[in-house]
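User: I'm new to this one and would like to learn how to read its features. Could you walk me through it?

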Amino acid sequence: MGNGDARQNARHADASQDAGSDAFERSGRLIGEKGRAALYDAACKRLLSQRVILAQIMRGLLGEYEGCSVDEIARSCIEGAPHVDGSFLVGEGAPPLVAGVDVRGASLTAGQVDFDVLVYAKRPSGVCNGRMREDASGLTGLVINVEAQHDFSPGYPLLKRAQYYCAQLLVAQYGTEFTNSHYERLRKVYSIWLCTNPPKRLRGTVGWYETGERTFPEGTSGWNRSAYDLFGIIMVYLNDHDTGRRDGHHGLVNLLSMLFVSRLSASEKLEFLAKEYNIAVSHELEGGVRAMGSFAQGLMERSFSDGKVEGKAEGIVQSLESLVRSTGWTIDRAMDVLGISRDERPDYRERLARRLQS
(Lines give C-alpha, C1' and ligand atoms only; values in the text may rest on other atoms or scores of the structure.)
Protein backbone atom coordinates (compact mmCIF):
# COMPACT_ATOMS: atom_id res chain seq x y z
CA MET A 1 0.00 0.00 0.00
CA GLY A 2 1.40 3.40 -0.95
CA ASN A 3 1.66 6.34 1.42
CA GLY A 4 -1.17 8.08 -0.40
CA ASP A 5 -3.45 5.07 0.08
CA ALA A 6 -2.48 4.83 3.74
CA ARG A 7 -3.26 8.49 4.32
CA GLN A 8 -6.58 8.10 2.51
CA ASN A 9 -7.51 5.07 4.64
CA ALA A 10 -6.53 6.95 7.79
CA ARG A 11 -8.78 9.84 6.74
CA HIS A 12 -11.64 7.41 6.14
CA ALA A 13 -11.09 5.84 9.57
CA ASP A 14 -11.02 9.23 11.29
CA ALA A 15 -14.12 10.29 9.36
CA SER A 16 -15.86 7.10 10.51
CA GLN A 17 -14.92 7.84 14.11
CA ASP A 18 -16.12 11.43 13.78
CA ALA A 19 -19.42 10.16 12.37
CA GLY A 20 -19.76 7.82 15.34
CA SER A 21 -18.99 10.66 17.75
CA ASP A 22 -21.57 12.88 16.03
CA ALA A 23 -24.16 10.12 16.31
CA PHE A 24 -23.38 9.79 20.00
CA GLU A 25 -23.71 13.52 20.49
CA ARG A 26 -27.15 13.46 18.87
CA SER A 27 -28.09 10.57 21.13
CA GLY A 28 -26.73 12.37 24.17
CA ARG A 29 -28.92 15.40 23.62
CA LEU A 30 -31.96 13.15 23.46
CA ILE A 31 -31.47 10.58 26.20
CA GLY A 32 -29.99 12.47 29.14
CA GLU A 33 -27.48 11.38 31.75
CA LYS A 34 -28.89 7.91 32.36
CA GLY A 35 -28.85 7.08 28.68
CA ARG A 36 -25.31 8.37 28.21
CA ALA A 37 -24.17 6.17 31.08
CA ALA A 38 -25.84 3.21 29.37
CA LEU A 39 -23.95 3.97 26.15
CA TYR A 40 -20.65 4.12 27.99
CA ASP A 41 -21.49 0.88 29.79
CA ALA A 42 -22.25 -0.86 26.49
CA ALA A 43 -18.99 0.38 24.94
CA CYS A 44 -17.01 -0.90 27.94
CA LYS A 45 -18.62 -4.34 27.71
CA ARG A 46 -17.94 -4.59 24.00
CA LEU A 47 -14.26 -3.84 24.52
CA LEU A 48 -13.91 -6.08 27.59
CA SER A 49 -15.39 -9.03 25.68
CA GLN A 50 -12.40 -9.05 23.31
CA ARG A 51 -10.33 -12.17 23.99
CA VAL A 52 -6.98 -10.40 23.69
CA ILE A 53 -8.02 -7.79 26.28
CA LEU A 54 -9.32 -10.48 28.65
CA ALA A 55 -6.08 -12.41 28.19
CA GLN A 56 -4.05 -9.32 29.10
CA ILE A 57 -6.14 -8.91 32.26
CA MET A 58 -5.86 -12.59 33.21
CA ARG A 59 -2.10 -12.69 32.71
CA GLY A 60 -1.53 -9.46 34.60
CA LEU A 61 -3.78 -10.09 37.60
CA LEU A 62 -4.36 -13.82 38.18
CA GLY A 63 -1.59 -15.95 39.66
CA GLU A 64 -2.89 -18.99 37.78
CA TYR A 65 -1.61 -17.47 34.53
CA GLU A 66 1.78 -16.25 35.69
CA GLY A 67 4.37 -17.02 33.03
CA CYS A 68 1.78 -17.58 30.28
CA SER A 69 1.76 -15.68 27.03
CA VAL A 70 -1.24 -13.57 26.10
CA ASP A 71 -1.62 -15.58 22.90
CA GLU A 72 -1.82 -18.92 24.70
CA ILE A 73 -4.32 -17.62 27.23
CA ALA A 74 -6.54 -16.22 24.48
CA ARG A 75 -6.19 -19.30 22.29
CA SER A 76 -6.10 -22.20 24.76
CA CYS A 77 -7.36 -21.06 28.17
CA ILE A 78 -10.46 -18.98 27.41
CA GLU A 79 -13.25 -21.41 26.53
CA GLY A 80 -16.12 -20.41 24.31
CA ALA A 81 -17.07 -16.82 23.64
CA PRO A 82 -16.84 -14.30 26.49
CA HIS A 83 -20.43 -13.67 27.48
CA VAL A 84 -21.89 -10.22 28.00
CA ASP A 85 -24.96 -9.35 30.08
CA GLY A 86 -25.90 -12.49 31.74
CA SER A 87 -26.80 -16.00 30.70
CA PHE A 88 -24.25 -18.32 32.26
CA LEU A 89 -23.66 -22.03 32.44
CA VAL A 90 -20.68 -23.85 33.85
CA GLY A 91 -20.23 -27.53 33.36
CA GLU A 92 -18.39 -30.16 31.45
CA GLY A 93 -19.20 -30.97 27.86
CA ALA A 94 -20.17 -28.53 25.13
CA PRO A 95 -19.43 -24.84 25.27
CA PRO A 96 -19.17 -23.80 28.91
CA LEU A 97 -20.55 -20.33 28.32
CA VAL A 98 -23.94 -20.77 26.70
CA ALA A 99 -27.47 -19.74 27.51
CA GLY A 100 -28.71 -22.02 30.26
CA VAL A 101 -28.57 -20.77 33.81
CA ASP A 102 -29.43 -17.10 34.00
CA VAL A 103 -27.17 -15.58 36.64
CA ARG A 104 -29.62 -12.72 37.01
CA GLY A 105 -31.87 -15.23 38.76
CA ALA A 106 -29.22 -17.32 40.45
CA SER A 107 -30.57 -16.56 43.91
CA LEU A 108 -34.10 -17.57 44.81
CA THR A 109 -34.59 -14.64 47.14
CA ALA A 110 -32.17 -11.93 46.01
CA GLY A 111 -32.72 -9.22 43.43
CA GLN A 112 -31.55 -9.33 39.84
CA VAL A 113 -27.81 -9.19 39.15
CA ASP A 114 -26.47 -8.09 35.76
CA PHE A 115 -22.86 -9.04 35.17
CA ASP A 116 -20.82 -7.11 32.58
CA VAL A 117 -18.63 -9.90 31.21
CA LEU A 118 -18.37 -13.57 32.21
CA VAL A 119 -15.83 -16.06 30.94
CA TYR A 120 -15.03 -19.68 31.70
CA ALA A 121 -11.32 -20.44 31.60
CA LYS A 122 -9.01 -23.40 31.98
CA ARG A 123 -6.20 -23.34 34.48
CA PRO A 124 -2.96 -23.68 32.51
CA SER A 125 -0.02 -25.87 33.37
CA GLY A 126 2.75 -24.29 35.39
CA VAL A 127 4.74 -23.39 32.29
CA CYS A 128 1.77 -22.93 29.95
CA ASN A 129 2.80 -25.75 27.63
CA GLY A 130 -0.72 -26.68 26.63
CA ARG A 131 -1.39 -29.18 29.44
CA MET A 132 -4.11 -28.47 32.00
CA ARG A 133 -3.08 -28.23 35.64
CA GLU A 134 -5.39 -29.66 38.29
CA ASP A 135 -5.46 -28.52 41.89
CA ALA A 136 -5.81 -30.92 44.82
CA SER A 137 -9.57 -31.27 44.26
CA GLY A 138 -9.12 -32.20 40.60
CA LEU A 139 -10.65 -28.99 39.27
CA THR A 140 -9.28 -27.32 36.18
CA GLY A 141 -11.63 -24.39 35.58
CA LEU A 142 -12.16 -20.82 36.73
CA VAL A 143 -15.16 -18.53 36.39
CA ILE A 144 -14.07 -14.94 35.76
CA ASN A 145 -16.29 -11.87 35.97
CA VAL A 146 -15.03 -8.48 34.76
CA GLU A 147 -16.85 -5.25 35.59
CA ALA A 148 -16.25 -1.68 34.40
CA GLN A 149 -17.34 0.74 37.14
CA HIS A 150 -17.45 4.51 36.64
CA ASP A 151 -19.25 5.54 39.85
CA PHE A 152 -16.79 4.86 42.66
CA SER A 153 -19.17 5.99 45.44
CA PRO A 154 -22.65 4.65 44.57
CA GLY A 155 -23.81 4.76 48.22
CA TYR A 156 -22.21 1.49 49.37
CA PRO A 157 -18.70 -0.01 49.36
CA LEU A 158 -17.92 -1.56 45.98
CA LEU A 159 -16.06 -4.38 47.74
CA LYS A 160 -19.32 -5.57 49.30
CA ARG A 161 -21.00 -5.63 45.92
CA ALA A 162 -18.06 -7.57 44.50
CA GLN A 163 -18.40 -10.18 47.26
CA TYR A 164 -22.10 -10.49 46.51
CA TYR A 165 -21.30 -11.07 42.82
CA CYS A 166 -18.86 -13.83 43.77
CA ALA A 167 -21.53 -15.44 45.95
CA GLN A 168 -23.99 -15.37 43.05
CA LEU A 169 -21.46 -17.02 40.75
CA LEU A 170 -20.88 -19.79 43.28
CA VAL A 171 -24.64 -20.35 43.70
CA ALA A 172 -25.10 -20.42 39.90
CA GLN A 173 -22.93 -23.53 39.68
CA TYR A 174 -25.53 -25.71 41.42
CA GLY A 175 -27.20 -28.02 38.94
CA THR A 176 -24.50 -27.54 36.30
CA GLU A 177 -21.11 -27.91 37.95
CA PHE A 178 -22.34 -29.97 40.88
CA THR A 179 -25.54 -31.47 42.28
CA ASN A 180 -26.75 -32.71 45.65
CA SER A 181 -23.90 -32.36 48.15
CA HIS A 182 -20.90 -32.55 45.82
CA TYR A 183 -19.47 -29.22 46.91
CA GLU A 184 -15.99 -30.46 46.06
CA ARG A 185 -16.84 -29.66 42.41
CA LEU A 186 -17.27 -25.92 43.01
CA ARG A 187 -15.07 -23.84 40.72
CA LYS A 188 -13.15 -20.83 41.98
CA VAL A 189 -14.56 -17.49 40.86
CA TYR A 190 -12.89 -14.13 40.34
CA SER A 191 -14.59 -10.75 40.18
CA ILE A 192 -12.34 -8.10 38.62
CA TRP A 193 -13.40 -4.45 38.80
CA LEU A 194 -11.95 -1.74 36.57
CA CYS A 195 -12.69 1.54 38.34
CA THR A 196 -12.52 4.30 35.74
CA ASN A 197 -13.04 7.24 38.10
CA PRO A 198 -11.37 6.40 41.44
CA PRO A 199 -10.18 8.89 44.08
CA LYS A 200 -6.86 10.51 43.22
CA ARG A 201 -5.06 8.67 46.03
CA LEU A 202 -5.91 5.29 44.44
CA ARG A 203 -5.21 6.04 40.78
CA GLY A 204 -2.73 3.67 39.19
CA THR A 205 -2.99 1.04 41.96
CA VAL A 206 -4.43 -2.49 42.28
CA GLY A 207 -5.94 -4.25 45.30
CA TRP A 208 -6.28 -8.04 45.75
CA TYR A 209 -8.77 -9.53 48.23
CA GLU A 210 -8.78 -13.27 48.90
CA THR A 211 -9.89 -15.76 51.52
CA GLY A 212 -7.16 -16.55 54.03
CA GLU A 213 -6.73 -18.82 57.02
CA ARG A 214 -5.78 -18.27 60.68
CA THR A 215 -5.25 -21.17 63.05
CA PHE A 216 -4.49 -21.79 66.70
CA PRO A 217 -1.96 -23.05 67.34
CA GLU A 218 -0.34 -21.61 64.26
CA GLY A 219 0.30 -24.07 61.46
CA THR A 220 -2.12 -26.76 62.62
CA SER A 221 -4.49 -26.71 59.64
CA GLY A 222 -4.95 -29.84 57.58
CA TRP A 223 -6.85 -28.11 54.76
CA ASN A 224 -5.53 -27.58 51.28
CA ARG A 225 -5.93 -23.96 50.16
CA SER A 226 -8.26 -25.03 47.35
CA ALA A 227 -10.81 -26.11 49.97
CA TYR A 228 -11.42 -22.57 51.22
CA ASP A 229 -10.01 -20.24 48.56
CA LEU A 230 -13.13 -20.19 46.37
CA PHE A 231 -13.25 -16.56 45.33
CA GLY A 232 -11.00 -13.61 44.73
CA ILE A 233 -11.75 -9.92 44.19
CA ILE A 234 -9.40 -7.59 42.33
CA MET A 235 -9.93 -3.83 42.19
CA VAL A 236 -8.02 -2.01 39.45
CA TYR A 237 -7.95 1.76 39.87
CA LEU A 238 -7.27 3.31 36.47
CA ASN A 239 -5.06 6.34 35.98
CA ASP A 240 -5.77 9.64 34.27
CA HIS A 241 -2.32 9.77 32.67
CA ASP A 242 0.28 7.45 31.15
CA THR A 243 3.20 6.78 33.51
CA GLY A 244 5.30 5.41 30.66
CA ARG A 245 5.73 1.99 32.28
CA ARG A 246 4.97 -1.08 30.14
CA ASP A 247 6.09 -3.82 32.50
CA GLY A 248 4.13 -5.88 35.03
CA HIS A 249 1.19 -4.35 36.84
CA HIS A 250 2.24 -0.83 35.77
CA GLY A 251 1.97 -1.88 32.15
CA LEU A 252 -1.47 -3.44 32.58
CA VAL A 253 -2.87 -0.42 34.44
CA ASN A 254 -1.51 1.91 31.75
CA LEU A 255 -2.99 -0.27 29.00
CA LEU A 256 -6.44 -0.33 30.58
CA SER A 257 -6.30 3.38 31.45
CA MET A 258 -5.45 4.17 27.84
CA LEU A 259 -8.38 2.12 26.56
CA PHE A 260 -11.06 3.23 29.01
CA VAL A 261 -10.06 6.66 30.32
CA SER A 262 -7.58 8.49 28.09
CA ARG A 263 -8.53 11.27 25.69
CA LEU A 264 -6.67 9.70 22.78
CA SER A 265 -8.65 9.25 19.58
CA ALA A 266 -9.59 5.74 18.47
CA SER A 267 -6.89 5.83 15.77
CA GLU A 268 -4.27 6.84 18.34
CA LYS A 269 -5.38 4.07 20.68
CA LEU A 270 -5.14 1.47 17.94
CA GLU A 271 -1.63 2.66 17.07
CA PHE A 272 -0.72 2.57 20.77
CA LEU A 273 -1.91 -1.05 21.06
CA ALA A 274 0.16 -2.13 18.07
CA LYS A 275 3.36 -0.22 18.79
CA GLU A 276 3.55 -0.09 22.59
CA TYR A 277 2.02 -3.48 23.46
CA ASN A 278 2.58 -5.45 20.25
CA ILE A 279 -1.11 -6.37 20.12
CA ALA A 280 -2.43 -7.52 16.76
CA VAL A 281 -5.52 -5.42 16.07
CA SER A 282 -8.31 -7.63 14.73
CA HIS A 283 -11.47 -6.31 13.09
CA GLU A 284 -13.42 -7.09 16.28
CA LEU A 285 -10.91 -5.31 18.52
CA GLU A 286 -10.86 -2.28 16.25
CA GLY A 287 -14.66 -2.13 16.42
CA GLY A 288 -14.54 -2.23 20.22
CA VAL A 289 -11.92 0.53 20.40
CA ARG A 290 -13.85 2.72 17.99
CA ALA A 291 -17.08 2.19 19.93
CA MET A 292 -15.28 3.28 23.08
CA GLY A 293 -13.84 6.26 21.22
CA SER A 294 -17.31 7.34 20.14
CA PHE A 295 -19.29 6.69 23.28
CA ALA A 296 -16.86 7.00 26.17
CA GLN A 297 -15.25 10.17 24.91
CA GLY A 298 -18.68 11.74 24.57
CA LEU A 299 -19.66 10.71 28.10
CA MET A 300 -16.38 11.60 29.80
CA GLU A 301 -15.49 14.87 28.09
CA ARG A 302 -18.61 16.56 26.73
CA SER A 303 -21.61 18.26 28.23
CA PHE A 304 -25.00 18.11 26.61
CA SER A 305 -28.03 20.36 26.72
CA ASP A 306 -31.48 18.88 27.22
CA GLY A 307 -33.30 21.38 25.02
CA LYS A 308 -35.41 20.57 21.99
CA VAL A 309 -33.59 19.15 19.00
CA GLU A 310 -34.51 20.29 15.53
CA GLY A 311 -35.93 17.41 13.58
CA LYS A 312 -36.46 15.41 16.76
CA ALA A 313 -38.11 12.39 15.13
CA GLU A 314 -35.33 12.00 12.56
CA GLY A 315 -32.74 12.54 15.26
CA ILE A 316 -34.26 9.76 17.36
CA VAL A 317 -34.27 7.39 14.39
CA GLN A 318 -30.60 8.18 13.75
CA SER A 319 -29.85 7.58 17.42
CA LEU A 320 -31.68 4.24 17.33
CA GLU A 321 -29.68 3.20 14.29
CA SER A 322 -26.42 4.21 15.97
CA LEU A 323 -27.25 2.22 19.09
CA VAL A 324 -28.36 -0.90 17.24
CA ARG A 325 -25.36 -0.95 14.91
CA SER A 326 -22.69 0.01 17.45
CA THR A 327 -23.77 -1.92 20.55
CA GLY A 328 -25.60 -4.93 19.13
CA TRP A 329 -28.66 -4.07 21.23
CA THR A 330 -32.13 -5.05 20.11
CA ILE A 331 -34.41 -2.29 18.86
CA ASP A 332 -36.54 -2.62 22.00
CA ARG A 333 -33.56 -2.16 24.29
CA ALA A 334 -32.39 0.88 22.33
CA MET A 335 -35.91 2.32 22.64
CA ASP A 336 -35.84 1.69 26.39
CA VAL A 337 -32.59 3.65 26.71
CA LEU A 338 -33.98 6.53 24.63
CA GLY A 339 -37.16 6.57 26.71
CA ILE A 340 -39.51 6.16 23.75
CA SER A 341 -43.10 5.63 24.88
CA ARG A 342 -45.07 2.49 23.99
CA ASP A 343 -47.46 4.48 21.82
CA GLU A 344 -44.63 5.93 19.72
CA ARG A 345 -42.71 2.70 19.25
CA PRO A 346 -44.58 1.27 16.23
CA ASP A 347 -43.92 4.45 14.26
CA TYR A 348 -40.21 4.54 15.16
CA ARG A 349 -39.86 0.82 14.51
CA GLU A 350 -41.22 1.31 10.98
CA ARG A 351 -38.98 4.35 10.39
CA LEU A 352 -35.92 2.46 11.60
CA ALA A 353 -36.72 -0.61 9.48
CA ARG A 354 -36.88 1.57 6.37
CA ARG A 355 -33.59 3.22 7.31
CA LEU A 356 -31.79 -0.07 7.94
CA GLN A 357 -32.97 -1.47 4.61
CA SER A 358 -31.84 1.57 2.64
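This is a predicted model: local features need pLDDT of at least 70, side-chain atom pairs count only at pLDDT 80 or more; totals for chains, interfaces and linings use all residues.

User: Which residues touch the most other members of the largest nonpolar core?

Analyst: The general idea is that in soluble globular proteins, nonpolar side chains tend to be buried together. Here the largest nonpolar core has 49 residues, and I192 and F260 touch the most other members. Helix α5 (residues 248-260) gives this core its largest share, seven residues. Another core, of 21 residues, lies apart from it, with F115, Y120, V143 and L169 among its members.

User: Now the charges. How many salt bridges does the structure hold?

Analyst: There are 18 salt bridges. One of them joins E64 and R123, with the closest N and O atoms 3.8 Å apart. That pair links distant parts of the chain, 59 residues apart: E64 is in the loop between α2 and α3, R123 in the loop between β4 and β5.

User: Is E64 buried or exposed?

Analyst: E64 counts as buried because its relative accessibility is 10%, under the 20% cut-off. R123 is buried too, at 11%.

User: Where do K275 and E271 sit?

Analyst: They're in helix α6, four residues apart, so about one helical turn separates them. K275 is exposed at 63%, while E271 is partly exposed at 42%.

Definitions and conventions. Residues are numbered from 1 along each chain as its sequence is written. Side-chain values use heavy atoms; hydrogens and water are left out. A nonpolar core is a set of buried Ala, Val, Leu, Ile, Met, Phe, Trp, Tyr and Cys residues joined through side-chain atoms within 4.5 Å. Buried means under 20% relative accessible area, exposed over 50%, partly exposed in between (1.4 Å probe, protein chains only). Helices (H or I, at least four residues) and strands (E, at least two) are DSSP runs, numbered from the N terminus. A salt bridge is a side-chain nitrogen of Lys or Arg within 4 Å of a carboxyl oxygen of Asp or Glu.
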